[in-house]
Amino acid sequence: MEFTKKDLLKLYRNIVLAQAYDQFCIRMAMQGKLLSFYHSSAGGEAPGVGGTTFLRPDDIIYRHLRGHGVPHMIGKGASVREYLAEHCGKTTGCSKGLGGIHPSYPELGIFGTGATLGSQFPLSVGWGLGAKKKNKGQVVVIFTGDGTMGRGTWHEAANIAALWKLPVVYVCENNRIAQYVEFKDAYPFENMSRLPAAFGIPYEEVDGQDVIAVAKAVTSAVEKARKGEGPAFIECQTARFGPHGVGNPNKVGGKPRSEEEVAELKKRDAIEICRNRLLKDKVLTQKEVKRIDAEAAAEIADAEKFIDASPIQDDPAQLAPALYAP
Amino acid sequence: MREIQYNQAINEAYFEEMASDESVFIIGEGVQTSTFGTMTGLVDAYGPDRVIDTPISETAIAGAALGASMLGFRPIADLMFADFMFIAADEVLLESAQWHLLHGGKTSLPLVFVANMGGYRMLGNGHSQCPYSPMLHSPGLKVVTPSTPYDAKGLLKTAIRDNNPVFYLFHKGLLGLKGDVPEGDYAIPFGEAKIRREGSDVTVLAISLMNHMALEAAEDLKNEFSVEVIDPRTLEPFDLETVITSLKKTGRLVIVDEDTERCGFAGELTAQIVEHAFFELDAPIKRVCAKNYPIPANIIERHVLPQKEEIIAAIREICV
């Protein structure tokens with residue numbers, strides 16, 4: 001498929017926003033405003049943005065851990081400021097301040113997340129089954145890190161998704177490091193291709209720093225799933241520039257990550273790659289670059305004002321009515 | 001005596017036990033780096049064959065430890081967060097806990113599961129629980145909940161040397177707590193509670209981090225009531241005798257347990273006291289536990305997790 005100029009500008013705008021929000025989140029985490037922990041998306045913005053920007057509002061996603069899924073929420077059109085208000089414990093948050101890091105926008109097919117990595121896979125079967133039964137062409141897009149592919153739940157879900165031809169696209173954001181463990185110490189292979197192959201699930205590997213390539217691959221798999229052709233697996237080779245979480249040591253196997261390797265990774269910044277490509281193709285002008293940066297900065301300023309002005313969720317009377325559905 | 005932190009005390013126990021027993025090894029996610037500073041440096045001393053980093057595969061981590069324990073090793077499986085135990089519930093609760101009896105006592109399972117537990121960090125339901133209630137509900141598993149650096153080291157050594165599966169739960173709120181810890185070897189027997197503060201009006205039994213909260217409450221109330229504070233240190237085996245001895249003196253009991261109230265340890269202990277020491281009681285037993293809600297994320301978690309003011313209120317209520 002070919003993207004229009006408008007599509008490409010949307011992708012660029014979204015990835016610029018993802019980076020801006022990530023820097024905002026890091027700042028808020030350091031200030032103690034963003035509660036609990038924060039795992040930066042720096043280096044890994046493209047798969048989330050590219051994999052969601054062209055989905056339908058009723059398509060279902062499970063966001064990835066990096067950036068706490070803000071790149072995915074931006075693509076899906078969710079209100080990021082409401083998610084961050086949630087993350088800051090405010091009553092205006094998307095879960096009324098009860099959910100913290102776990103986003104909830106059921107109207108946009110974002111039904112929350114578990115604390116345990118790998119809980120998205122069994123859920124993907126339920127969402128895929130529900131979408132298939134409803135027969136409205138909804139597709140489920142499940143984002144996962146390379147680390148999470150270590151969970152046995154993937155195999156159970158992939159088998160059933162393939163067997164029942166469920167409309168589920170698995171997008172692996174492979175940054176080759178799971179908290180403190182490198183890919184090479186976690187898997188006896190170089191990429192994930194063998195895992196979907198075992199179940200006959202089509203596999204495609206893309207440059208995960210190229211948001212346009214990601215968007216193309218995911219959109220194409222989503223369209224096939226929409227037509228009833230069953231699940232697909234897209235592996236995005238991406239990067240993690242910083243430590244696992246804010247304040248965590250940037251180590252692997254007990255030793256600091258190689259500075260040369262990280263410097264090498266940083267040469268392939270997804271935002272820069274997209275910008276240079278669109279400038280070269282004359283889709284984007286320097287003037288528009290500035291405008292998009294300014295709009296992102298304005299959105300962040302607006303989000304900060306909204307969050308700061310929102311009251312803290314500290315009302316115990318909220319608990320009882322929230323426990324059971326009426 | 002030398003003061004070190006709780007997580008350093010745990011670290012020291014690993015160092016010493018791995019030095020003295022080659023059958024001890026550690027397996028888990030990122031254990032070579034160590035998420036909570038409890039395993040720092042072990043890989044440099046004992047190598048990656050004994051400090052084994054794994055993929056994100058809690059079920060396999062727990063199963064690997066269980067399987068290797070049957071072959072004469074003393075594995076330590078790090079599940080990182082106690083909440084993640086549920087991913088390996090089959091291996092932990094149904095197999096490790098129950099196979100010794102189920103196989104006629106022929107196989108011993110000398111393994112240790114370790115994980116941090118507890119709330120007050122605003123991390124939400126999946127990173128904040130104290131899930132020892134299901135562990136205690138699976139007979140065959142010992143459950144250890146150290147509250148001081150001294151106990152953290154001595155109890156971990158006993159856990160590693162025990163010929164049975166032990167779940168060693170350290171509290172994330174205590175990692176940086178400093179306290180006296182002897183250099184070199186000492187082990188603390190399981191099933192021996194510790195009286196942290198002597199008193200005569202009311203007995204407060206409080207687990208792990210809650211013990212510190214109970215001690216603060218006792219201090220706040222020192223001009224009103226003489227509060228005895230007991231730290232059970234291990235929940236299975238449990239030292240009921242120390243509690244009953246204390247009750248003979250005070251006649252009143254408050255149980256402080258960070259786990260969810262319903263069907264929790266506090267309820268179990270209440271039942272045991274009613275069965276075994278009913279006539280020592282001069283007042284109803286009070287439980288101060290996490291309320292019967294999922295632990296929400298953010299600031300509102302404080303309305304679910306036990307607070308010092310609730311301990312004080314419970315003491316006042318039964319001491320009038």
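In which sense do β1(A) and strand β2 of chain A pair, and over how many bridges? I started my notes there, keeping in mind that this is a predicted model. The pairing of β1(A) with β2 (residues 140–145) of chain A is parallel and runs over three bridges. I also looked up who faces whom: A:I61 sits opposite A:V141 of β2(A).

**Entry: the sheet in chain A**

I traced the rest of the sheet next. It is open, has five strands and reads β1-β2-β3-β7-β6 in chain A, with parallel pairing. The edges are β1 (60–62) and β6 (203–207) of chain A; each has a single partner strand, so one side of each is left without a neighbour in the sheet. From one strand to the next I get an average twist of 20 degrees. Then I checked helix α8 (residues 211–226) of chain A, which packs on this sheet. I find that α8 touches β2, β3 (168–174), β6 and β7 (232–237) of chain A. The direction of α8 makes about 175 degrees with that of β7(A).

**Entry: helix pairs in chain A**

For packed helices I note the angle between the axes and the distance between the axes.

I took α1 (residues 5–31) and α10 (residues 270–280) of chain A to begin with. Their axes are 10 Å apart and the packing angle is about 150 degrees. Angles over 145 degrees count as roughly antiparallel, so I put α1(A) and α10(A) down as roughly antiparallel to each other. The crossing of α1(A) past α10(A) is left-handed. From α1(A) I listed A:L8, A:L11, A:Y12, A:I15, A:V16 and A:Q19, which meet A:A270, A:I271, A:C274, A:R275 and A:L278 in α10(A). Sorted by class, this contact of α1(A) with α10(A) has nine nonpolar residues, one polar and one charged.

Next I looked at α5 (residues 120–134) and α6 (residues 153–163) of chain A, whose axes come within 7 Å and cross at roughly 20 degrees. That angle makes α5(A) roughly parallel to α6(A). I have this crossing of α5(A) and α6(A) as left-handed. On the α5(A) side the contact uses A:F121, A:P122, A:S124, A:V125 and A:G128. The α6(A) side gives A:T153, A:W154, A:E156, A:A157, A:I160 and A:A161. I sorted the residues of the α5(A)–α6(A) contact into seven nonpolar, three polar and one charged.

**Entry: a helix pair in chain B**

Over in chain B I picked α1 (residues 6–20) and α7 (residues 149–161). Their axes come within 8 Å, crossing at roughly 30 degrees. α1(B) and α7(B) are therefore roughly parallel to each other, and their crossing is right-handed. The α1(B) residues in the contact are B:Y6, B:A9, B:I10, B:E12, B:A13 and B:E17, while α7(B) supplies B:P149, B:A152, B:K153, B:L156, B:K157 and B:I160. I see eight nonpolar, no polar and four charged residues where α1(B) meets α7(B).

**Entry: between the chains**

Last, I checked where the chains meet: 29 residues come from chain B and 38 residues from chain A. The chain B side divides into 13 nonpolar, eleven polar and five charged residues.

Notes:
Residues are numbered from 1 along each chain as its sequence is written. Chains are lettered from A and ligands numbered from 1 in the order in which they are written. This is a predicted model: local features need pLDDT of at least 70, side-chain atom pairs count only at pLDDT 80 or more; totals for chains, interfaces and linings use all residues. Two strands pair if DSSP finds at least two bridges between them. Helices (H or I, at least four residues) and strands (E, at least two) are DSSP runs, numbered from the N terminus. Axes are lines fitted to C-alpha atoms, for helices over the stretch in contact, and angles run from 0 to 180 degrees between N-to-C directions. Two residues are in contact if their C-beta atoms, placed from the backbone, lie within 7 Å. Angles under 35 degrees count as roughly parallel, over 145 as roughly antiparallel, 65 to 115 as roughly perpendicular and the rest as oblique. A crossing is left-handed if the near helix is turned anticlockwise from the far one by less than a right angle, and right-handed if clockwise. Ala, Val, Leu, Ile, Met, Phe, Trp, Tyr, Cys and Pro count as nonpolar, Asp, Glu, Lys and Arg as charged, and the others, Gly among them, as polar.
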